[in-house]
Amino acid sequence: MRQTYDVVVLGSGAAGLTAALAAAVEGARVAVFEKAELLGGTTALSGGTIWIPNNQPAREAGIEDSRERGLEYLASLSNGMILPELAEALVDGGPQLVDFLNEHSEIRLQVVHGYPDYHPEHPGGMPGGGRSIEPALVSFAGLEDWSDRIAGDIRRMLIAETPLGGGTGSVEPELLAEREKAQLEGLGRALIGGLLQACLKHGVQITTNSQGVRLLTEDGVVTGVEIQNPDGVRFVTAGAVILATGGFEYDPDLVRDFLRGPLTRPIGAPTDSGDGLRMAMRIGAQLGNMREAWWSPVVGYPGVRRDGGRNGLLSARERALPGSIMVNRYGRRFANEAANYNALGGAFHRLDESRLDYLNVPAFMVFDQSVVDRFGAFGLAPGGEMPSWVQRAATLDELADAFGIPAAEFRTTVDRFNKNARAGVDPDFARGQSAYDRYPGAGQAEDPGSARATLGPLENAPFYGVEVAISALGTKGGPRTDRDGRVLDVDGDVITGLYAAGNVMASPAGMVYGGAGATLAVAGVWGLYTGRAAVRDFKTPPPVVVDSATH
Ligand SMILES: Cc1cc2nc3c(=O)[nH]c(=O)nc-3n(C[C@H](O)[C@H](O)[C@H](O)COP(=O)(O)OP(=O)(O)OC[C@H]3O[C@@H](n4cnc5c(N)ncnc54)[C@H](O)[C@@H]3O)c2cc1C
C-alpha cells in the first residue's frame with residue numbers, strides 16, 4: 001500500500017522537527033519517520049543552546065551585534081572551508097528561526113549571559129557573549145504519553161543554571177518542586193518537546209521505529225521513500241523528501257573512509273549512522289565537507305543511556321579548570337586544554353611523521369584535589385566524592401603507573417606546568433590568553449580576566465585521572481545543498497524533490513564551531529529553510545538547469 005504526503009521528513013531531531021513544522025505551517029500534509037524507538041536524536045541529549053549572531057533576545061538585553069560582525073567572524077575562521085553564500089544564509093536565517101519559533105511554538109529563546117564565542121578574539125568575535133541563546137523551560141504537560149517517547153533524561157534546569165553556563169548546577173528544592181508540578185523541562189529535551197507539541201498541533205504525523213532506507217525516483221526526480229518498520233517495508237509517496245537523519249558517526253566504515261582522523265567513541269544518538277548520506281549518494285548527490293565533524297574530547301563512563309548509546313561526558317569545563325591538564329600516553333601535554341572542544345579535535349589528530357602514529361589518542365585528563373574541592377567535577381558539587389570510574393592515586397607516579405604512562409616524563413610535565421601556572425603563564429600552549437579559556441573558572445577567580453582563572457598547579461593529593469577519547473557531537477559532511485537546502489547532484493544541479501538539513505548536510509559551517517549552539521543553529525535554520533522551500537517548490541518546481549557540455 002502506498003501512502004501519500006506533500007512532505008516527508010526523515011529524522012526527528014531539531015532539523016527534522018523544525019522542517020516538519022515549517023512545512024505544516026505552510027499548509028502541507030507532513031509526515032515524520034523516525035528510525036529509533038525514541039524521538040529527538042542527538043538534539044534530545046544536547047544542551048539545547050543555539051548560536052545566532054545578531055539575535056533578538058541579545059538585542060533586547062542591550063547587547064550589540066550585527067549581521068556584518070557575524071559574517072566577519074565566520075570568515076576569519078573559515079580556512080577556505082566555508083562557502084560565503086551559505087555563511088550568509090546561516091547568519092540571515094538565525095533571527096528568522098527565533099521569530100518562527102516565537103510565532104509557531106512555545107519555545108522562547110533567551111540569552112545565556114556571558115557565554116563567550118569559541119574564538120572570541122577573532123575579528124567579529126564576542127568575548128562577552130550574547131550569541132548563545134537557549135530555550136526557556138518548556139512545559140511538557142500537553143505532551144502526555146509523548147514525553148516518555150523523547151530520548152534523554154529529564155532536566156528541569158537551564159544551561160544558564162549549570163556550571164557550564166555560569167550557574168551552580170543546583171536549583172532550590174521549592175523551585176524544583178514547582179517545576180516538577182508544571183512539568184517544566186530545559187535543555188535539548190525542551191527544544192524537542194516544544195517542537196513536537198507544535199508539530200502535533202499542526203497535524204504532522206509522526207511515526208517511530210521507521211527507517212528511511214531508499215529514495216524513490218522517477219526520471220531523476222525524488223517522488224518518495226521506502227520505509228522499513230518492524231512489520232516490513234512500505235512505500236511512501238511525497239512531493240518532497242527532507243533528509244534530517246543526523247551524521248554518520250556510528251558507521252565505522254564511513255568514519256574510516258571520510259573523516260580526517262580518528263573518532264573513537266561517538267556520543268550522540270546511536271541511530272545516526274549515515275543513512276541519509278547513503279540514500280543521497282545512491283542517487284548521485286554531490287558531497288561536501290566530508291572530513292569534518294563537530295569534534296569533541298569525551299570522557300566515557302560505564303553504562304548505557306535510554307537510547308542505547310554509551311555514557312559519556314564532554315568534560316569541557318573540567319579540562320579548563322585551574323589544577324587540571326591533559327597529557328598523552330608519553331606523559332606530555334599536547335594542547336591548550338581550555339581551548340574549545342572542536343578546535344581541540346585538531347590536537348588529537350596530530351600525526352607523528354616518524355612514528356606514523358596519532359600521539360594524542362587516547363589522552364588522559366589529570367587533576368588534583370583542589371579541583372574537586374573548589375569546583376566539583378563531572379556533575380558533582382564541590383567537595384563531592386569522585387565516582388569509582390575516576391582513577392584516584394596518592395602520588396603522581398602512582399597515577400602515571402595506573403595509566404601506563406612514563407612516570408618520570410609525567411612528573412617533568414607537571415613540574416613545568418606548575419611552575420608556570422604559579423606565575424600565571426603557559427608559554428607552551430598560551431592557555432588563558434582567550435576569554436573562552438578563562439570562562440569556566442572565571443566565576444571563582446580573584447581576577448576573572450587573568451590567565452589564573454584557568455591556570456593553577458596540580459599539587460594537592462590525591463590526584464585523579466580519566467582517559468579522554470576523541471569523539472564528535474556529530475559529523476558534518478554530506479550532500480551539498482543550495483541556500484535553501486535543496487540537494488545538488490554531482491554536476492551542481494538541483495535534485496528535484498530532495499532536501500537536507502542539519503548534520504546530514506555538507507555543513508555551511510565548514511570546520512568552524514563559532515560558539516555554544518553552533519550545531520543546533522545549522523539544524524534549526526536549515527530545518528526552517530527546507531520545510532519552507534519544499535512546500536514552495538512542490539507548488540512551483542524549480543527549473544532544472546541542463547548544461548549541454550556536461551549532460
Ligand atoms: C551531550 C551533547 C550536548 C550537546 N549540546 C549542544 C548544544 O547545546 N548546542 C548545540 O548546538 N549542539 C549541541 N550538541 C550537538 C547537537 O545536539 C547535534 O549536532 C544536533 O542535535 C544535530 O541535529 P540533527 O537534527 O541534525 O540530528 P539529530 O538530532 O541526531 O537527529 C537525527 C535523527 O534522525 C534519525 N534517523 C537516522 N537515520 C534515519 C533514517 N534512515 N530514517 C529515519 N530517521 C533516521 C535519528 O534516529 C535521529 O533521531 C550536543 C551534542 C551532545 C552529544
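1. The C-alpha centres of domain 1 and domain 2 lie 32 Å apart. Domain 1 covers 2-246 + 476-539 of the protein chain, and domain 2 covers 295-471. These bounds come from an automatic or database domain assignment.

2. The model is predicted: local features need pLDDT of at least 70, side-chain atom pairs count only at pLDDT 80 or more, and totals for chains, interfaces and linings use all residues. Numbering runs from 1 along each chain as its sequence is written, and side-chain values use heavy atoms, with hydrogens and water left out.

3. Domain 1 gives 25 residues to it and domain 2 gives 14, where contact means heavy atoms within 4.5 Å. The 25 from domain 1 divide into 14 nonpolar, six polar and five charged. Here Ala, Val, Leu, Ile, Met, Phe, Trp, Tyr, Cys and Pro count as nonpolar; Asp, Glu, Lys and Arg are charged; the others, Gly among them, are polar.

4. The two domains bury about 1400 Å² between them. That is the accessible area (1.4 Å probe) lost on being put together, summed over both. Carbon and sulfur atoms carry 56% of it. On the domain 1 side, Tyr118, Leu164 and Tyr513 lose the most area, together 32% of what that side buries.

5. Which polar links cross the interface of domain 1 and domain 2? There are 11 residue pairs in polar contact, both residues at pLDDT 80 or more. A polar contact is a pair of N or O atoms within 3.5 Å; within protein, one must be able to donate a hydrogen and the other to accept it, and residues adjacent in sequence count only if both atoms are side-chain atoms. Salt bridges number zero (a side-chain nitrogen of Lys or Arg within 4 Å of a carboxyl oxygen of Asp or Glu).

6. A ligand nitrogen is 3.0 Å from a polar backbone atom of glycine 47. A ligand oxygen lies 2.9 Å from a backbone N or O atom of asparagine 503.
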